Structures are given as C-alpha cells and as structure tokens.
Amino acid sequence: MISGMSKPVPALAVTDGQRQVLESLARSQSGAHREVVRAKALLMAADGAANATIAATLSVSRASVANWRTRFGEDGLVKFGQVRDGRGRKPSIPDATIEKIVTLTQESRPQGQTHWSTRTMAEVAGVSKSSVQRVWKELGFKPHRVDTFKVSNDPKFEEKLVDVVGLYLNPPEKAIVLCADEKSSVQALDRTQASPPMTKGRGQTMTHDYKRNGTTTLFAALNVLTGMVIGQCLPRHRHQEFLKFLRTIDREVPQGLQIHLILDNYATHQHADVQWWLDGHPRFHLHFTPTSSSWLNQVERWFRELTDKALRRGAFGSVPDLVAAIQEYLDAHNKDPKPYVWTATAESILAKVARARATLNTVN
C-alpha cells in the first residue's frame, strides 16, 4: 500500500426499504438540514463513495461521515433523527429562569396590570421577550387571552341536562324537536359614511361609528332533525309576542306531530297567559335548559351564524331594512338546511361540570 493513502471503506449495506426512506429524506424541501445532509451522505456511502469524497462533496468533516456510517450500522433508521445526549444545541434559558417565568405567570400579575406581556415578563425575569415567548409557547401559556365561562348553579341542572340531551340523541317518534329562543334588541345600525368596496390588497372597510335606527326582536325555532328554522321578527319581547310565535309554530308544524320545545328559563316563557294557551294545545311540550346554560340550546349557534354572516357588517337605514335582511338570510338557510350534529352525552357533560366545580372550590 502506498504510504499516506487510507484504507478503502466498503460500501454501506442498505436495504431497498432503507434506501427509499433515505432518498425521500434527501429530496425533502422542508426537513431538517442536518437530516437531509446525513441522508445524502449515507446514500453516497451505499454507492461505494469514500468518506473523504463524501465529506468534500457535502462540505462536512470526514469524522462526521464516519460517525454517521457507524450509527447507521448499529441502529439503522430507528434513531436517525435523534440527537445523542450531550450533543446539539444547548438550552439558552437556565431551568431556574424557566421556573421563575412559570411561577410568575401562574401566581402573580405585573403591578397595576391584569396580565403579563412578553415585555413586562422579560423585564422581571431578566431575559429577552423572545425567550419568554418560547417558554410560554412550549408550555402552552397564553396570558394575553381570556375565555369566559359560567358553571350553572341550577339545583335541577342534572335533571334538565339529561332531559334536553336525551331529546338530541334519542328524539321521540311522531314528534318534532325544536330549539327556540329570542334574539332581542337586534339593532338596525347604519354607518355614518358609505363603505368603500374591497380592492386588491385591502379588505372591505366601514366607519367605526354608526346611527341607531331602531330595534327588532327575532323569535326563532330550529328543527333539530332537519336544520330548518321557523323565524319571526316582532317589535317587542314580551309574553304577548311569544304567544304570537307559538301560534306561528302551531301553523307551521303539520298536525299530528307532537312538538317538543327546548327553551331557556326566561320569565316570558312561563307567563300565566302562556301556560293557559299551552293547556289548550296539548301537543306542545316545553323543556327548559338549566340556568346559565344557553350553550345547550342549539338555536344559539344559528343566532351566532346569523350575526356573523348577515348582521355584523350590514348597514340598515331602518327597521324594515333590518327585518328584510334577516328574512333573506332565513330563506337562504332554509333552501339548504343542515342540522347541527350533537355528540356529547349527558355523562360526559356532567363529568366536565364536576371538574369545573372542583376547580372553582380550590380557587375559592
């Protein structure tokens, strides 16, 4: 052997399946750079290239190529993407600092403020705001967000919940289940200036201020099975208007079908005149959701979609204009209705509520 020349290294043994994986990694446009380079090196080694040639071609050291060969021979592709202990980038934030950030985030607030920001936390913790952001992202903390909630204190919560969910999951035969409620004081808001149309590079715009042109109340009943909605706009929100809506439902629903009406506990729904009318119409059966549990009434979701798609960005010069817009949305919805699919069981909801109450007890 000529002095100064290294001993040839045999071609790396690679199965057909391993080669396919390595070729896919080598072509990857989104994979980690170190994994792409390693895959290319192993493919070259499998084709019989020497370590020095591979190192020069891929701009890496011969020691790295030799180490990749050895690791592949020992582990194959099982630990291909793992970085060995003690290798790789060291954590830039000490554990003590991370613990301090976590404790401050969970147990305190900045002076005079309701929540931490990355900047206020960075000043206290003695790190950069990007470091705070990384810690929060890794641990799932979101101090800038707040979600609303209310755990019902209705003494008959379980009884009412089981009743309503039972109608959703197992509706009775020869009957129709309707989720009904009122969207009261819907405002006919008109903008003070015309809204310029959407153009390339800019969304639709509207003035921040508005003119109030009156209100209406929308009574709506959602058919749980079909998604059809019976709707009626009335000027006020009293038991008299509710009675008018009940008569509308009575006309709309075919005779011979029992009507199970899911409602909230608003006093209007239990007025003496309403009870008198219901006594004369025995096919109506009222089911009340627990207090503070509007999420249980499916028509609330339809109200939200109505607001997002037809009302929030609208401009209405009068109450009749508003009523016409609501009716137009209602008609379009009923041309192609889609029911909401209820999947949660009463047991799963009760378990979640129990956990929430236990958490509240620890806070109190």
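The model is predicted, so local features need pLDDT of at least 70 and side-chain atom pairs count only at pLDDT 80 or more, while totals for chains, interfaces and linings use all residues. Residues are numbered from 1 along each chain as its sequence is written, and side-chain values use heavy atoms, with hydrogens and water left out.

**Exercise 1. Overall form**

Task: state what radius of gyration the protein chain has, against that of a compact globule of 364 residues.

Solution. 
- Step 1. The radius is taken over C-alpha atoms, and the globule rule is 2.2 Å times the number of residues to the power 0.38.
- Step 2. For 364 residues a compact globule would come near 21 Å, but the protein chain has 33 Å.
- Step 3. Along the principal axes, the C-alpha atoms fill a box of roughly 110 × 55 × 55 Å.
- Step 4. Buried residues (under 20% relative accessible area, 1.4 Å probe, protein chains only) make up 35% of the 364.
- Step 5. Take contacts (heavy atoms within 4.5 Å) between residues at least 6 apart in sequence: 68% of them join residues at least 24 apart.

**Exercise 2. Strand pairing**

Task: trace how strand 2 pairs with strand 1 and with strand 3.

Solution. 
- Step 1. Two strands pair if DSSP finds at least two bridges between them.
- Step 2. Strand 1 and strand 2 (residues 210-223) are antiparallel over 11 bridges; Asp-181 has Ala-220 of strand 2 as its bridge partner.
- Step 3. Strand 2 also runs antiparallel to strand 3 (residues 229-234), joined by 6 bridges, and Leu-218 stands opposite Cys-233 in strand 3.
- Step 4. Strands 2 and 3 form a hairpin with 5 residues between them, and Gly-227 in the turn has a positive phi of about 90 degrees.

Note on methods: Buried < 20%, exposed > 50% of the residue type's maximum accessible area, 1.4 Å probe, protein only. Helix = DSSP H or I, 4+ residues; strand = E, 2+ residues; numbered from the N terminus.
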